[in-house]
Amino acid sequence: MTTLIAVDNLDFTYPDGTPALMGINLEIGEQEFIAFIGQNGSGKTTLSKCLNGLFKPTAGKVIVEGLDTSRSGIIKQLVTRVGYVFQNPDHQLFNRSVKSEIAYGPRNINLPEDEVERRVHEAARVAGVSEELFDTHPYFLPKGLRQRVAIASILALKPRTIIVDEPTTGQDMQQSLEVMNFLRRLWQEEGHTIIIITHEMRIVADYAQRTVVLGQGQILLDGPTREIFSKPEILQQTYVEPPQITRLAQRISQDKPFQSVLTIDEMKQLTEEYLK
Ligand SMILES: Nc1ncnc2c1ncn2[C@@H]1O[C@H](COP(=O)(O)OP(=O)(O)OP(=O)(O)O)[C@@H](O)[C@H]1O
Ligand SMILES: [Mg+2]
C-alpha cells in the first residue's frame with residue numbers, strides 16, 4: 001500500500017496551552033476509507049487540521065506525500081493533496097456565488113483561468129451541484145447542498161485525500177445516505193482516500209473499512225472496522241457511544257455483507273429499535 005500521509009509522534013498544543021494531541025502515530029494509504037471516532041473533545045478535528053497543514057505540529061512530524069507540513073510556505077502544495085471539509089460548511093463558504101466559491105481554491109493556487117473553469121465544471125458535476133445554481137449565493141441553499149458546494153470547492157483542488165468532518169450531522173436520513181453514498185463513489189470510482197469524522201456508529205459500520213478511535217488526544221484503537229466493533233468492551237471504556245449503539249453496530253457488521261448500504265427503512269427501523 002502506498003503511504004499518502006505519515007504521522008510520526010505528533011503532539012499538538014493550542015496557543016492557550018490546551019494539549020489536544022499527544023504521541024500520535026498513524027499511516028494513511030492510497031484509496032482507504034477511514035472513520036475517526038471518539039468522544040467530544042478527543043482530538044478528531046484537531047488531528048484532521050494537522051493532516052492538511054492548517055495546524056503545524058507542536059512536536060513530531062506530519063509528512064504528506066513526501067512533504068513535511070511544518071515547512072514554511074507549503075500550504076499551496078498541501079491544499080492540492082489533502083482537502084478538509086469543515087464540521088460546519090458555513091465556516092468554509094464565504095464567496096458570493098456557488099461558482100466563485102468552487103473557483104476560489106484553484107484561483108488561489110494561481111491556475112490559469114481556463115483550467116479554473118474546467119475544474120469548476122468538473123467538480124460541480126462530480127459533487128452533484130447543478131450549474132443552474134452557479135449564480136446563487138451559497139447562503140440560500142439548503143444545508144445538504146451547501147455541504148456539496150463545500151465538497152466541490154475541495155474537489156476542484158484535486159486532493160487525493162479528502163477529510164469530511166461530521167458529514168451527516170444535522171441532516172435527515174435521506175440526506176445522510178446521499179452524502180455517504182457520494183463519498184463512497186469518490187472512494188471507489190475516483191480512487192480518493194476518504195476520512196470521515198462521525199459520532200454515528202451505523203455510518204461507520206456501513207461505510208468505513210478502517211476505524212481509528214481517539215480518546216483524550218491519543219489513538220486508542222486503529223484497525224479494520226469489523227475488528228474494532230468486535231471489542232465493545234474497549235469501545236465502551238472510551239465512551240464512544242452508548243452500549244446499545246455499539247451492539248447495534250456489531251450486529252450491522254455481522255448481518256450485512258461488508259460495504260453494504262442500509263436502506264432508509266432499515267435505518268429507520270434500527271433507529272427506532274435504539275430509541276425503544
Ligand atoms: N481553538 C481552540 N483553543 C483551545 N483549545 C481547543 C481549541 N479547539 C479545540 N480545543 C481543545 O482541544 C481538544 C480537542 O478538540 P477537538 O475539537 O479536536 O475535538 P473533537 O474530537 O473534534 O470533538 P467534537 O466531537 O466535539 O467535534 C479539546 O480539549 C478541545 O477543548
Ligand atoms: Mg470536531
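User: In β10, which residue is the bridge partner of R210?

Analyst: R210 is bridged to P224. Strands here are DSSP runs of E with at least two residues, helices are H or I runs of at least four, and both are numbered from the N terminus. Two strands pair if DSSP finds at least two bridges between them. β9 (residues 210-215) and β10 (residues 218-224) pair antiparallel over six bridges. In their hairpin two residues lie between the strands, and Q216 has a positive phi near 50°.

User: Before we go on, what kind of model is this?

Analyst: It's a predicted model: local features need pLDDT of at least 70, side-chain atom pairs count only at pLDDT 80 or more, and totals for chains, interfaces and linings use all residues. Residues are numbered from 1 along each chain as its sequence is written, while chains are lettered from A and ligands numbered from 1 in the order in which they are written.

User: What is the strand order in the open sheet of four strands?

Analyst: The order is β2-β1-β4-β5, with antiparallel pairing. β2 (19-29) and β5 (67-68) are the edges, each with a single partner strand, so one side of each lacks a neighbour in the sheet. β5 is joined to β4 (residues 59-64) by two bridges, and V64 has L67 as its bridge partner.

User: Which helix gives the most to the shell around ligand 1?

Analyst: A residue counts as near a molecule if its C-beta atom, placed from the backbone, lies within 6 Å of it. Helix α1 (residues 44-51) gives the most, with three residues. The residues surrounding ligand 1 include Y14, D16, K44, T45 and T46.
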